Amino acid sequence: MSAYFDIYMSPPQEDGQISIHPRLVHPSRSDSREMMQQISEETTLTPADMKATFSAVAGFLQNQLIQGGSVNIEGIGSFRVVPHFVRPKHKGDKVTGKDVRVKRIVFTPDPVLRYNVVNRTTFERRGARHSTTMNETKSVLLLREYFQEHDYITVAEFEVLAHTTETSSRRLLNGLVRKEHLLPKRAGRTILYQANRYHYPQNL
């Protein structure tokens, strides 16, 4: 089995050079229901057993992270929170717990998982026979699918979704803000681009 990719071009740089990058084509998406079904077929656990287990694992993970702890799940990876100040602080400033928030949750894959994915994944070209550019129209198509399951997206998340550079991602997202497709909201130092549900309705 292979992962399928196509090639797209970034906008020309100041020196006139055009970079090309691989982009996954129709990557598969699995959810917990598929995982529970497969595990139940390979073990004596029922889907109901797995659902209860998943719920307990999620609760344990949440409680540990809320307390500032880290959680390592063997074979999968570890989770931890990274704190930051809500506003810039300087030496000598009074600091209380109200000045600190969670910046992000960091996931670090298990070394064995990372090794296997990196070394066993093979790629095959599929799609157009020519390079494509990530433009506003294609961004909208990607976001329509993304916003079926999410309410907002960050620049970093769009980079992964569209396989673009940070500069291109920011330019495309801000272009959609100007057209009122997206509604920017600041969360600490991060800008959350919320979906305007008029343009990105959810399938109920």
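Modeller: Let us start with Ser 40, which is found in helix H1, spanning residues 32–42, and keep in mind that this is a predicted model.

Biologist: Is Ser 40 buried or exposed?

Modeller: A residue is called buried when its relative accessible area is under 20%, and because Ser 40 has 14% relative accessibility, it counts as buried.

Biologist: Which residues is Ser 40 in contact with, leaving aside its neighbours within four places in sequence?

Modeller: With those neighbours left aside, Ser 40 is in contact with Leu 45, Thr 46 and Pro 47. An α-helix has 3.6 residues a turn, so residues three or four places apart point the same way. In this model, a polar atom of the side chain of Ser 40 lies 2.7 Å from the backbone oxygen of Gln 37.

Biologist: How many residues of helix H3 are buried?

Modeller: The number is zero out of the 10 residues of helix H3, residues 111–120, so this helix lies largely in the open. At the start of H3, the backbone nitrogen of Val 112 has a side-chain oxygen of Asp 110 within 2.9 Å.

Biologist: What is the order of the strands in the open sheet?

Modeller: The three strands follow the order E8-E10-E9, and their pairing is antiparallel. Strand E8 (152–153) and strand E9 (182–187) are the edge strands, each pairing on one side only. E9 is joined to strand E10, residues 190–195, by six bridges, and the two run antiparallel; Leu 183, for instance, has Gln 194 in E10 as its bridge partner.

Notes
Residues are numbered from 1 along each chain as its sequence is written. This is a predicted model: local features need pLDDT of at least 70, side-chain atom pairs count only at pLDDT 80 or more; totals for chains, interfaces and linings use all residues. Side-chain values use heavy atoms; hydrogens and water are left out. Buried means under 20% relative accessible area, exposed over 50%, partly exposed in between (1.4 Å probe, protein chains only). Helices (H or I, at least four residues) and strands (E, at least two) are DSSP runs, numbered from the N terminus. A polar contact is a pair of N or O atoms within 3.5 Å; within protein, one must be able to donate a hydrogen and the other to accept it, and residues adjacent in sequence count only if both atoms are side-chain atoms. Two strands pair if DSSP finds at least two bridges between them. Contact means heavy atoms within 4.5 Å.
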